[in-house]
Amino acid sequence: MRPQIINRSRDQEFMRLALDLAAQGAAMGEVPVGAVLVQHGQVIGQGFNRPIVDSDPSAHAEMVAIRAAAKAASNYRLPGSTLYVTLEPCSMCAGLIVHSRVARVVYGALEPKAGIVQSQGQFFAQGFLNHRVMVEGGVLAEECGAILSEFFKARRAKA
């Protein structure tokens with residue numbers, strides 16, 4: 001497999017798409033997290049948090065995007081792909097990322113309570129994993145954090 005060429009402006013472009021998806025989720029009352037999966041420079045899966053709408057606790061943005069990508073690729077493995085997500089992944093999503101063979105994860109804001117990439121551990125660095133994932137954090141972190149802050153501020157104001 002060819003090594004990935006990292007292009008910061010492309011990373012920001014795809015993260016902006018993930019932010020647009022997060023806003024769609026927020027409009028539906030979901031926690032605003034968006035995800036985009038890119039393979040060979042093309043978006044092949046995308047999604048936003050939908051556990052409330054779908055009555056599915058596993059319907060995190062990453063899960064939705066990876067499921068769509070696997071279906072589009074007709075393959076449960078997504079080698080050479082990059083997942084862009086507005087929030088640091090949780091343990092459930094990190095496991096899926098490894099099992100689906102995503103090559104690289106680019107995330108925006110840290111998730112201090114449940115983030116498993118950096119905040120609560122470095123899951124992808126564990127020696128027992130049979131797949132290595134490259135990680136890039138903090139891409140458009142302020143924008144990614146702001147949409148979450150605004151969402152929860154509005155939710156508290158309603159309560």
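This is a short tour of the structure, stop by stop, with what to select in your viewer.

Before you start, note that this is a predicted model, in which local features need pLDDT of at least 70 and side-chain atom pairs count only at pLDDT 80 or more, while totals for chains, interfaces and linings use all residues. Residues are numbered from 1 along each chain as its sequence is written, and side-chain values use heavy atoms, with hydrogens and water left out.

**Stop 1: the sheet.** Show the cartoon and find the five strands, which form an open, mixed sheet in the order S2-S1-S3-S4-S5. Helices (H or I, at least four residues) and strands (E, at least two) are DSSP runs, numbered from the N terminus, and two strands pair if DSSP finds at least two bridges between them. At the edges sit S2 (42-48) and S5 (134-136), each pairing on one side only. From one strand to the next, the twist averages 15°.

Stop 2: Select S3, residues 81-87. Seven of its seven residues are buried, where buried means under 20% relative accessible area, exposed over 50% and partly exposed in between (1.4 Å probe, protein chains only). S3 pairs with S1 in the antiparallel sense over five bridges; look for Ala35 standing opposite Val85. With S4, S3 runs parallel, again joined by five bridges, and Leu83 has Val105 as its bridge partner there. Val105 also has Val135 in S5 as a bridge partner, where S4 (residues 104-109) and S5 pair in the parallel sense over three bridges.

Now zoom in on Ser81 in S3. Its relative accessible area is 0%, so Ser81 is buried. A polar atom of its side chain lies 2.6 Å from the backbone oxygen of Leu78.

**Stop 3: helices on the sheet.** Select H3, residues 61-73, which lies across S1, S2 and S3 and runs at about 145° to S2. (Axes are lines fitted to C-alpha atoms, for helices over the stretch in contact, and angles run from 0 to 180 degrees between N-to-C directions.) Next, select H4, residues 91-99, where Cys93, Ala94, Gly95, Ile97 and Val98 are buried. These buried residues pack against H3, S3 and S4; contact here means heavy atoms within 4.5 Å. Just after H4, Arg101 takes a positive phi of about 65°.

**Stop 4: H1 against H5.** Keep H1 and H5 (residues 141-158) in view: their axes come within 10 Å and cross at roughly 5°. That makes H1 roughly parallel to H5, since angles under 35 degrees count as roughly parallel, over 145 as roughly antiparallel, 65 to 115 as roughly perpendicular and the rest as oblique. Show side chains for Met15, Leu19, Ala22, Ala23 and Ala26 in H1, which meet Glu143, Cys144, Ile147 and Phe151 in H5.

**Stop 5: Arg50.** Finish in the loop between S2 and H2 (51-54), where you will find Arg50. With a relative accessible area of 21%, Arg50 is partly exposed. Which residues does Arg50 touch, not counting those up to four places away in sequence? They are Met28, Glu30, Ser55, Ala59 and Val64. Arg50 and Val64 are 14 residues apart in sequence and 8.2 Å apart in space, C-alpha to C-alpha. Lastly, the side chains of Arg50 and Asp54 are joined by a polar contact of 2.9 Å. A polar contact is a pair of N or O atoms within 3.5 Å; within protein, one must be able to donate a hydrogen and the other to accept it, and residues adjacent in sequence count only if both atoms are side-chain atoms.
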